[in-house]
Amino acid sequence: MQAWLDSILALLALPQYGLSTLFFAAFVSATLLPVGSEPILFGLLKLNPEMFWPAIAVATVGNTLGGMVDWWMGYGAHKVADKYSNSKHHVRVLGWLERLGPKACLLSWLPLVGDPLCAVAGWLKLPFWPCVVYMAIGKFARYLTMTVALLYLWPS
C-alpha cells in the first residue's frame, strides 16, 4: 500500500502534473467546498523547491479564478439572499461591505468567510475587476506567507 501511495505522490509531484494538481486544488478551495490547497502547495515545494515562484503564481491564479466564480455566483443569487434581508446581522455585514467596496475582497484569504465574501461582493454588484485585483492581492499574500512560514518551520 505504501509503495502504491508513494508512486501516486511521485507522479503528482512531477512538474507537468504538480502544477495542474495545485491549480485544480487552489481553484476548488476558493469555492464553498471545504478543500485546502496549502498542503498541496507545501508538498509540491518540498519535492521541487526550485518551483517556488511558479507554484505560488499557479496557486494564486487558480484561487483567484475560483474567487471570480464565487463573485459570479453571488451576482446571480439575489432571490436566495432576499429571503434573509431582514436580519440585523445581514444588514450590518452588507453595510460594512458597501462601505469598503472592492477593498473588502482583500479579506478573501480568510478561512470560512473569505469565499462567501467574494460571493457577497458579486451579490452587491461591486465592480468585478477591482474585486478581482483585491482578491488576487489577498490570495497571493496568503500563499506567500503560508509557504514561507511552512518552509521555515520544516526546512528539510
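Student: What should I know before reading any value?

Tutor: This is a predicted model, in which local features need pLDDT of at least 70, side-chain atom pairs count only at pLDDT 80 or more, and totals for chains, interfaces and linings use all residues. Residues are numbered from 1 along each chain as its sequence is written, and side-chain values use heavy atoms, with hydrogens and water left out.

Student: What makes the pattern of the chain α-α-α-α-α-α-α-α?

Tutor: Helices (H or I, at least four residues) and strands (E, at least two) are DSSP runs, numbered from the N terminus. The chain has 8 helices and 0 strands, and reading along the sequence gives α-α-α-α-α-α-α-α.

Student: Why is Thr 31 called buried?

Tutor: Buried means under 20% relative accessible area, exposed means over 50%, and partly exposed lies in between (1.4 Å probe, protein chains only). Thr 31 has 16% relative accessibility, so Thr 31 counts as buried. Thr 31 sits in the loop between helix H2 (15-29) and helix H3 (38-47). Of the 156 residues in the chain, 39% are buried.

Student: Which residues does Thr 31 touch, not counting residues up to four places away in sequence?

Tutor: With that exclusion, Thr 31 touches Asp 70 and Asp 115. Contact means heavy atoms within 4.5 Å.

Student: Why is the pair of Glu 38 and Arg 142 called a salt bridge?

Tutor: A salt bridge is a side-chain nitrogen of Lys or Arg within 4 Å of a carboxyl oxygen of Asp or Glu. The closest N and O atoms of Glu 38 and Arg 142 are 2.9 Å apart, and the two form a salt bridge. Besides Arg 142, Glu 38 touches Tyr 143 and Met 146, not counting residues up to four places away in sequence.

Student: How many salt bridges does the structure hold?

Tutor: The structure holds 2 salt bridges. In one of them, the side chains of Lys 139 and Asp 115 meet at 3.9 Å, N to O. That pair also links distant parts of the chain: Lys 139 is in helix H8 and Asp 115 in helix H7 (residues 114-123), 24 residues apart. Both Lys 139 and Asp 115 are buried.

Student: What makes Phe 23, Val 61 and Leu 65 a nonpolar surface patch?

Tutor: Patches are made of residues with over 30% relative accessible area and no salt bridge; like charges are joined within 9 Å, and nonpolar side chains (Val, Leu, Ile, Met, Phe, Trp, Tyr) within 5 Å. Leu 65, at 33% relative accessibility, counts as partly exposed, and Val 61, at 45%, counts as partly exposed. Together with Phe 23 they make a patch of about 220 Å². Leu 65 is in helix H4 (residues 52-75), and Val 61 is in helix H4.

Student: How do you know that residues 52-73 and 132-154 are annotated as "transmembrane region"?

Tutor: The annotation comes from an unreviewed UniProt entry. UniProt positions are given in the numbering used here, feature names are shortened, and annotations may be inferred rather than shown by experiment. In the model, residues 52-73 are 100% helix and 0% strand, with end C-alpha atoms 32 Å apart. Residues 132-154 are 96% helix and 0% strand, with end C-alpha atoms 32 Å apart.

Student: Why is Lys 125 called partly exposed?

Tutor: Lys 125 has a relative accessible area of 49%, so Lys 125 is partly exposed. Lys 125 lies in the loop between H7 and H8. Its phi is near 60°, a positive value in a residue other than glycine. Most residues other than glycine have a negative phi.

Methods
Areas by Shrake-Rupley, 256 points an atom, 1.4 Å probe, with all protein chains shown as cover.
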